[in-house]
Amino acid sequence: MTPKQFLLGLLPATTRGSLEYHFGSHHHFYPWGGAMNGQAARLELARSVIRATAPQMIVETGTYRGTTTEFLCDFDLPVTTVEIHPRFFTFARLRLQRRATCQVLQSSSVPVLRGITATLAGRHAFYYLDSHWEKHLPLREELELILTEGSEAVVLIDDFKVADDDGYGFDDYGPGQALTMDYVRACSLPPFHAFYPSVPGREETGYRRGCVVLTASAAQAAKLGALPMLRAAPHSRGA
Ligand SMILES: C[S@@+](CC[C@H](N)C(=O)[O-])C[C@H]1O[C@@H](n2cnc3c(N)ncnc32)[C@H](O)[C@@H]1O
């Protein structure tokens, strides 16, 4: 730890987040070079999924610096993003303050998703699940709230193991806590359809993190299955 980092660590988290925003270093605004880990194919994948499945809103869990949130705001849909850490929440709230359709919340993702899923009333959302890093991995609860029977919801999980493509990286938080299809299959979910990126990891740009797209809706799955950026995952329960 450098003396500067030590001194910054003594500041309240919100002050630090605010200073980082006003200081304006590129590294803080674009920690991985750009939205979705700086991955060009992933951005195209997300664009095509959102356009094809026509959600009425977008939800991101794990805002961090708001880099991907900015990208998600460009679809002219209401965007809700939730961040647990006060430092990153403060930074992202300042960054996104002029985005009229964007709501930045400081909370754990699960209560926010519980509220959203309870009030959607026939509308459906695109969910970008990226709230990893902390001791508690909320993914199982997130999926169980979102992927309910009859829901048209579409979910993109970042940092997910693409089973047959080692060119993509994924997160592993210890026994039973790796972001894999086994993890998803162990959740209490209705039958679901799963899709991996069709672009091989070695051809991706940026940080080459894997992902999976899930839905419990046969109608949404038919639309996703027709997209060139996706291919059906071999272990999908609903397929
Ligand atoms: C990988 S970063 C998100 C990156 C961001 N989505 C992007 O694409 O730029 C993960 C973030 O999730 C946050 N996080 C971890 N657990 C969370 C939880 N239970 N609820 C909300 N945010 C959480 C972390 O503080 C961290 O900022």
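Which residue of E7 does Ile157 stand opposite? The tour below leads to that pair in this predicted model.

Begin by displaying the whole sheet. Eight strands make up this open, mixed sheet, and their order is E3-E2-E1-E4-E5-E7-E6-E8. Select residues 102-106 and 230-232 next: these are E3 and E8, the edge strands, each of which pairs on one side only. On average, neighbouring strands of the sheet are turned by 20° against each other, direction ignored.

Move to residues 125-129 and 154-158. These are E4 and E5, which run parallel and are joined by four bridges. Within this pairing, select Tyr128, which stands opposite Leu156 in E5.

Residues 109-118 form helix H8, which lies across E1, E2, E3 and E4 and runs at about 155° to E2. Residues 218-225 form helix H11, which packs on the sheet and touches E5, E6, E7 and E8. The direction of H11 makes about 140° with that of E7.

Finally, select E7, residues 211-215. Toward E5, the pairing is antiparallel over five bridges. Here the opening question is settled: Ile157 stands opposite Val212. Toward E6, E7 pairs in the antiparallel sense over three bridges, and Leu214 of E7 is the bridge partner of Ala194.

Show the side chains of E7 as well. In a regular strand, side chains alternate between the two faces of the sheet. Cys211, Val213 and Thr215 lie on one side of E7, with Val212 and Leu214 on the other, and all are buried. Since five of the five residues of E7 are buried, the strand is largely enclosed by the rest of the structure.

Terms used:
Residues numbered from 1 in each chain as written. Predicted model: local features only at pLDDT ≥ 70, side-chain atom pairs only at ≥ 80, totals over all residues. Pairing = 2+ DSSP bridges. Helix = DSSP H or I, 4+ residues; strand = E, 2+ residues; numbered from the N terminus. Axes fitted to C-alpha atoms, helices over the stretch in contact; angles between N-to-C directions. Contact = placed C-beta atoms within 7 Å. Buried ≥ 20, exposed ≤ 12 C-beta atoms within 10 Å, placed from the backbone.
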